[in-house]
Amino acid sequence: MITREGSMRALLAVIAGLAALAVLLLAACSSDDASSGAGTKSVVATTVQIAALTREVAREKLEVHGLIPPGADAHEFEPTASDLKAIEDAELILRHGIGLDDWLDDTLKAGGRAKVVTVTEGITPRQLDEGEEQVDDPHVWHDPANDKIMVDNIASALDNFDPAGKTTYDANAKAYKAKLDETRDTVQAIISEIPPENRKLVTNHDALSYFATAFGLQVVGAVIPSISTNAEPSAKDTADLLETINREHVKAIFAESSVNPRLATTLARDAGITIVDDLYGDSLGEPGSDAATVDGMLLANARKIADALK
Ligand SMILES: [Zn+2]
């Protein structure tokens, strides 16, 4: 029997096939006139957040090619052959730094002519305890104040890359920073609906420290006690966290859209509390969704957190 879901899947496969064909045809057409200089200049962004912020600043003036796709685990990313080609061909690469896109270094060593700009320049990373050592927390985009610094860095990178567009980039950056200010106020209002004694976060990995600090929440633990997703918690780590959850009367565990929620789900079941498994920790929503932008992601997270902790 063909289920409704099955036929929908078949239809999607056909659409995907047609889209791929269209891309091939377009590529075949454009390769002929590539030397004419016609068309939009393009920039490469390593993370999905930087790609989204750059689209706000560039709008239709530049094509933005993001390497890490929405929904992917940024900590586990490995560039594909087509990513390597994009890096090699790029004139401008906007990168995150703070250990999140170290894979770019090897690729750059192999060649390429791109100017590389680290867009978190000027942000002082928070220090998180990871076992015995302190590490820089790369998840800076969860604080709108940091996003504004990134927008400024992106705007000045684009101004240098394409001086003819400077007026537009600067105006777009100013408008988006105003939107981030508005977003900060709305997020703060949403979080303030949570009773103060419930403002406690347990996340899948340590991704929400900047958000918690910016909006007055307390991170009481993480299922994977690491800023990265590739660490394995020990049985003792998990037992200690369960004890903390019970003692602090934590109401929910927040897993992320891009990380397997298996352990977090088990822990939530053992503690008898809610599991929210689609928070945007390291990723943004699919293109076209409400959370495809950085401001939309911040609002979506605030609502998910408030709904579960109220
Ligand atoms: Zn992360």
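Predicted model: local features only at pLDDT ≥ 70, side-chain atom pairs only at ≥ 80, totals over all residues.
## The β2-β1-β3-β4 sheet

Strands β2, β1, β3 and β4 form, in that order, an open sheet with parallel pairing. The edges are taken by β2 (63-66) and β4 (115-118); each has a single partner strand, so one side of each is left without a neighbour in the sheet. On average, and with direction ignored, neighbouring strands here are turned by 25° against each other.

Four bridges hold the parallel pairing of β3 (residues 92-95) with β4. Within this pairing, leucine 94 is found opposite valine 117 of β4. Two helices pack on the sheet. Helix α2 touches β1 (42-45), β2 and β3, and its direction makes about 175° with that of β2. Helix α5 touches β1, β3 and β4, and its direction makes about 175° with that of β3.

## Packing of α2 and α5

Two packed helices are described by the angle between their axes and the distance between the axes. For α2 (residues 48-58) and α5 (residues 144-161), the angle is about 60° and the axes are 9 Å apart. The crossing of the two helices is right-handed.

On the α2 side, the contact consists of Ile50, Leu53, Thr54, Val57 and Ala58. These meet Asp147, Met150, Val151, Ile154, Ala155 and Leu158 of α5. By class, the residues of this contact are nine nonpolar, one polar and one charged.

## The β8-β7-β9-β10 sheet

A further open sheet of four strands has the order β8-β7-β9-β10, again with parallel pairing. Strands β8 (218-224) and β10 (274-279) are at the edges, and each pairs on one side only. Neighbouring strands in this sheet are turned by 30° against each other on average, direction ignored.

Strand β9 (residues 252-256) runs parallel to β10 and is joined to β10 by four bridges. Helix α8 (residues 235-247) lies across β7 (200-205), β8 and β9, and runs at about 150° to β8.

## Aromatic pairs

Two aromatic pairs are found in a search of the whole structure. In the pair of phenylalanine 211 and phenylalanine 215, the ring centres are 4.9 Å apart and the planes stand at 50°, so the pair is tilted. Phenylalanine 211 and phenylalanine 215 lie four residues apart in helix α7 (residues 209-215), and are therefore separated by about one helical turn.

Definitions and conventions. Residues numbered from 1 in each chain as written. Heavy atoms only, no water. Axes fitted to C-alpha atoms, helices over the stretch in contact; angles between N-to-C directions. Left-handed = near helix turned anticlockwise from the far one by under 90°. Contact = heavy atoms within 4.5 Å. Nonpolar A, V, L, I, M, F, W, Y, C, P; charged D, E, K, R; others polar. Pairing = 2+ DSSP bridges. Phe/Tyr/Trp six-rings, centres within 6.5 Å; stacked < 30°, edge-to-face > 60°.
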